[in-house]
Amino acid sequence: MRASAVAERAEGTREALVEAARRLFVEKGYFSTSTEQIVAAAGVGTRGALYHHFADKRALFVAVIERVEEELLASSASGVAPAGALERLRGGLMGFLEASLTPAVQRILLIDGPAVLGWQEWRALEERYGLGALHALLELAVAEGVLADQPLDALAHILLAVVDEAALFIANAVDPKLAKVEAVAAVDQLLGGLIPAIRGGAIDA
């Protein structure tokens with residue numbers, strides 16, 4: 001019982017740190033947020049509690065990014081209506097572009113993410129959370145007969161790169177809402193090329 005209680009307290013401390021860091025990173029940005037501010041906002045005592053769970057502020061930031069990514073995946077899964085694989089694919093990609101307007105995704109994932117982690121590590125995180133889902137939907141589309149059999153690894157990577165760049169374009173735009181409209185139109189044009197000619201070359205809304 002004692003070990004269970006200790007583990008529960010430790011998990012509670014870790015959760016408090018992640019949530020406090022997330023709020024502060026959204027409000028102030030990673031570079032303007034100190035570990036002292038995170039510890040105070042989490043109410044966990046001293047910085048020793050933070051360093052017990054995370055090597056440094058950067059490691060805590062990675063945990064926050066992973067939390068945001070997990071929520072994006074969960075939201076995409078819960079919001080998908082029964083439809084064909086390509087319609088589900090479009091819905092997931094457009095949902096990500098819509099989410100790029102939200103403060104957490106915009107600041108943590110799209111603006112500070114590449115700056116703090118560097119491009120390669122940031123892309124690796126994006127691939128870990130997004131690539132598998134894209135590949136699975138493309139495989140399903142081939143099985144349904146609505147997508148020609150082709151090298152899906154390449155296609156999944158290309159689609160992930162497209163939607164990541166579109167989201168970065170939105171997040172860094174002077175007018176993010178207008179940028180989202182433009183990005184959605186551009187991505188829709190690209191996705192239309194996946195649909196066989198017998199379906200008119202357009203994805204149903």
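**Close-up A. Salt bridge between Asp112 and Arg107.** In this predicted model, Asp112 forms a salt bridge with Arg107, and their closest N and O atoms lie 3.5 Å apart. Asp112 counts as buried, at 4% relative accessibility, whereas Arg107 is partly exposed, with a relative accessible area of 29%.

**Close-up B. Salt bridge between Glu127 and Arg123 in helix H7.** The closest N and O atoms of Glu127 and Arg123 are 3.8 Å apart in this salt bridge. Because the two residues are four positions apart in helix H7 (residues 119–144), about one helical turn separates Glu127 from Arg123. Glu127 is partly exposed, with a relative accessible area of 28%, while Arg123 counts as buried at 12% relative accessibility.

**Close-up C. Salt bridge between Arg47 and Glu36.** Arg47 pairs with Glu36 in a salt bridge whose closest N and O atoms are 3.5 Å apart. The pair links distant parts of the chain, eleven residues apart, with Arg47 in helix H3 (residues 47–53) and Glu36 in helix H2 (residues 35–42). Arg47 is partly exposed, at a relative accessible area of 36%, and Glu36 likewise counts as partly exposed, at 44% relative accessibility.

**Overview. The protein chain that holds these pairs.** The protein chain has nine helices and zero strands, and the structure holds eleven salt bridges. Of its 205 residues, 42% count as buried, and the accessible surface of the protein chain comes to about 10,600 Å², of which 57% belongs to carbon and sulfur atoms.

Conventions: Residues numbered from 1 in each chain as written. Predicted model: local features only at pLDDT ≥ 70, side-chain atom pairs only at ≥ 80, totals over all residues. Heavy atoms only, no water. Buried < 20%, exposed > 50% of the residue type's maximum accessible area, 1.4 Å probe, protein only. Areas by Shrake-Rupley, 256 points an atom, 1.4 Å probe, with all protein chains shown as cover. Salt bridge = Lys/Arg side-chain N within 4 Å of Asp/Glu carboxyl O.
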